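Welcome, and please have your viewer ready. We will go from the whole chain to one part of its surface, one selection at a time.

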Amino acid sequence: QQQHSSMPLFTIHNQRISWTPLLVVGYLFYLLLGAMVFQLLEKQAESHFRDQFQLEKLKFLQNYTCLDRQALEQFVQVLLEAWEKGVNPEGNSTNPSNWDFSNSFFFAGTVVTTIGYGNLSPSTVAGQTFCVFYALFGVPLNLAFLNQLGKGLNCHLMTLERWVQKPGRAQVQSTFLITGTLLFLVFPPLVFSYVEGWSYGEGFYFTFITLSTIGFGDYVVGTNPNKHYIPVYRSLTAIWIVFGLAWLALVFNVGADMMEKFLQLKWHKPDLSLAEGATIKLEDEPEQPRIHIPG
């Protein structure tokens, strides 16, 4: 009697082979490939910016001879500390607070969704302690909420499928994908480009990095001190993020399913060229739970 395994297996000449190690190797290779490409694209630009910054500091010291290098380095350190505390060095003391209700609401959303831009964080011990417990309960609550939201979207997909009376779901899924792409990836960069003054490419980059919960923090809405934002701007952005997370989570889930099916097809497909008597059998695999929400 055969025992079912939790790992996808196939047998060739009665030898059980798992494609899981191949998946691990492919995953590591993908990381190595990304590291090499990022190094190739970014290292030279970083070196250029570093040299340019040092040149600007030398020019500053030449123009203001009353300062020495040590004083300038201390001032640069003050600027860095201010930036780390969420204070934009540009502008003056009349800049709006990072912790008004609208900005605090936006920050709370980045905590529970695990986006974590990194441009703003609690600086008090009480704030840091509260943030830990807030995330401890908020992250599971956010996952449950997004899962429920995703189920609702799936139900609407099934209703739409029955309404259009199509034999398969391919066309309905394509409609869902195209509509979601327009609503969450194509149109929002136009708004951010207009409000923030970014290029469309920068807005699209911010949109995807945010909805995928990567959240580098190099682009964040509502942080330019030279612009006047409506009070609910960041709150509306937080609501857009929630629905965008649910949609992109479904897209990632479909992509993961397609990847697994491709691997099963690739490594488990019967080979008709084998000699007679050789057997290839894909074992039944118990359905495994899937986390639908990234982050």
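**The whole chain**

Start by selecting everything: of the 295 residues in the chain, 26% count as buried, meaning under 20% relative accessible area, with exposed over 50% and partly exposed in between (1.4 Å probe, protein chains only). This is a predicted model, where local features need pLDDT of at least 70, side-chain atom pairs count only at pLDDT 80 or more, and totals for chains, interfaces and linings use all residues. Residues are numbered from 1 along each chain as its sequence is written, and side-chain values use heavy atoms, leaving out hydrogens and water.

Now colour by secondary structure.

Next, show the surface. The chain exposes about 20,700 Å², and carbon and sulfur atoms supply 65% of it; such areas come from the Shrake-Rupley method with a 1.4 Å probe.

**A nonpolar patch**

Select Ile-178, Leu-182, Leu-183, Phe-187, Leu-190, Tyr-200, Phe-204, Phe-208, Ile-214, Phe-216 and Phe-252: together they form a surface patch with about 1,000 Å² of accessible area. The elements giving two or more residues to the patch are α5 (170–196) and α6 (200–211), and α5 gives the most, with five.

Finally, zoom in on Ile-214, in the loop between α6 and α7 (233–268). Is Ile-214 buried or partly exposed? Ile-214 is partly exposed, because its relative accessible area is 41%.

Key
Patches are made of residues with over 30% relative accessible area and no salt bridge: like charges are joined within 9 Å, nonpolar side chains (Val, Leu, Ile, Met, Phe, Trp, Tyr) within 5 Å. A salt bridge is a side-chain nitrogen of Lys or Arg within 4 Å of a carboxyl oxygen of Asp or Glu. Helices (H or I, at least four residues) and strands (E, at least two) are DSSP runs, numbered from the N terminus.
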